[in-house]
Amino acid sequence: MEQPRYRRILLKLSGEALAGPKHFGLDYDVVTEICRSVKEAADLGTEIAVVVGGGNFWRGRSNEKMDRTRADHMGMLATVINSLAIADALEQLDVPVRVQTAIEMRQIAEPYIRNRAVRHLEKGRVVVFGCGTGNPFFSTDTAAALRAVEIDADIILKATMVDGVYDSDPTKHPDAKRFDHIAYIDVLNRGLGIMDSTATSLCMDNEVPIMVFSLEDPRNIVRAVLGESIGTIVQNTL
Ligand SMILES: Nc1ncnc2c1ncn2[C@@H]1O[C@H](COP(=O)(O)OP(=O)(O)OP(=O)(O)O)[C@@H](O)[C@H]1O
Ligand SMILES: O=c1ccn([C@@H]2O[C@H](COP(=O)(O)O)[C@@H](O)[C@H]2O)c(=O)[nH]1
């Protein structure tokens with residue numbers, strides 16, 4: 001059997017990608033396809049924690065008329081909807097899974113308890129972290145960075161709408177150039193918007209590498225876990 005490159009990963013799933021062709025809300029078939037690849041990756045023996053975005057429902061910063069804190073609370077709730085959908089699809093595929101939320105909602109999910117999350121991972125359960133960091137003015141990328149550091153993940157696999165980090169936003173600049181590798185400091189100095197600067201800084205300070213790759217083909221998750229060169233690696237040393 002093929003060996004996974006990483007002992008423990010933090011998989012950051014784009015919320016937007018879960019909407020599929022409808023571009024809003026959840027497409028359960030898309031969620032299931034992604035979860036098939038998560039199962040395949042888990043079967044390789046790598047421990048998997050998941051943080052999912054909420055962009056398929058709501059992003060606090062996009063709603064300028066609202067009070068930002070309240071809008072961000074709504075965004076965090078959106079991540080819980082996505083987390084529960086992922087948990088459901090994984091369970092239907094017979095993958096053991098637990099959801100933990102940064103804001104308590106005990107009737108729905110476990111509260112986030114770091115040691116408990118690690119224990120779940122050691123037992124081979126996928127752990128899905130909902131509600132981001134639990135604080136407004138942050139993003140799920142920052143939540144992914146924070147949880148990755150807390151659980152001592154080897155890498156953040158950021159599965160998103162683009163196939164890597166470019167020298168400018170490729171959705172706005174079709175001639176943008178993709179990097180195979182880039183240093184965190186260059187992402188920050190060039191102001192590249194693939195992740196927010198808080199998330200990038202947290203990864204840089206704690207030396208957690210990030211692999212950015214496209215979720216258009218969900219099997220990229222398996223390729224990434226096997227250490228194949230897909231997308232862009234962000235780390236300190238090039
Ligand atoms: N330099 C860049 N290289 C690659 N993508 C970039 C760059 N600058 C901006 N982007 C944008 O970043 C987006 C990915 O980041 P974003 O945080 O929006 O995704 P996400 O975390 O998958 O979102 P969500 O979970 O909220 O749906 C891409 O779709 C792309 O438009
Ligand atoms: O720690 C966090 C994480 C997220 N939010 C809010 O949720 C939405 C959705 O997250 P994305 O990372 O944009 O997918 C985000 O726009 C925030 O409004 C938060 O407040 N705190």
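## Strand β3 and its partners

In this predicted model, strand β3 (residues 97-101) and strand β4 (residues 110-111) run parallel and are joined by two bridges. One pairing to look for is Thr 101, whose bridge partner in β4 is Pro 111.

Strand β3 also runs parallel to β5, and five bridges join these two strands. Here Arg 98 has Val 127 of β5 as its bridge partner. Strand β3 is mostly covered, with four of its five residues buried.

Leaving out residues up to four places away in sequence, Val 128 touches Val 50, Val 52, Ser 83, Ile 86, Ala 87, Val 97 and Val 99.

## The annotated binding site

An unreviewed UniProt entry places a "binding site" feature at Gly 54, Asp 72, Thr 133, Gly 134, Asn 135, Pro 136, Phe 137, Phe 138, Ser 139 and Thr 140. These positions are spread over 87 residues of sequence, yet they cluster in space, with a largest C-alpha distance of 14.2 Å.

Thr 133 sits in the loop between β5 (126-130) and α4 (140-150). Thr 133 counts as buried because 22 other C-beta atoms lie within 10 Å, and the cut-off for buried is 20 or more. Apart from neighbours within four places in sequence, Thr 133 is in contact with Ala 102, Phe 138, Thr 142, Ala 143 and Leu 146.

Thr 140 belongs to helix α4. Thr 140 is buried too, because it has 30 C-beta neighbours inside 10 Å. With neighbours within four places in sequence set aside, the contacts of Thr 140 are Lys 12, Val 51, Val 52, Gly 53, Gly 54, Thr 79 and Gly 132.

## Around ligand 1

Which residues come nearest to ligand 1? Out of the 21 residues around the ligand, they are Ser 14, Glu 16, Gly 53, Gly 55 and Gly 193.

Sorted by class, the shell around ligand 1 holds seven nonpolar, 10 polar and four charged residues.

Methods:
Residues are numbered from 1 along each chain as its sequence is written. Chains are lettered from A and ligands numbered from 1 in the order in which they are written. This is a predicted model: local features need pLDDT of at least 70, side-chain atom pairs count only at pLDDT 80 or more; totals for chains, interfaces and linings use all residues. UniProt positions are given in the numbering used here, feature names are shortened, and annotations may be inferred rather than shown by experiment. A residue is buried if 20 or more other C-beta atoms lie within 10 Å of its own, exposed if 12 or fewer, and partly exposed in between; C-beta atoms are placed from the backbone. Two residues are in contact if their C-beta atoms, placed from the backbone, lie within 7 Å. A residue is near a molecule or strand if its C-beta atom, placed from the backbone, lies within 6 Å of it. Ala, Val, Leu, Ile, Met, Phe, Trp, Tyr, Cys and Pro count as nonpolar, Asp, Glu, Lys and Arg as charged, and the others, Gly among them, as polar. Two strands pair if DSSP finds at least two bridges between them.
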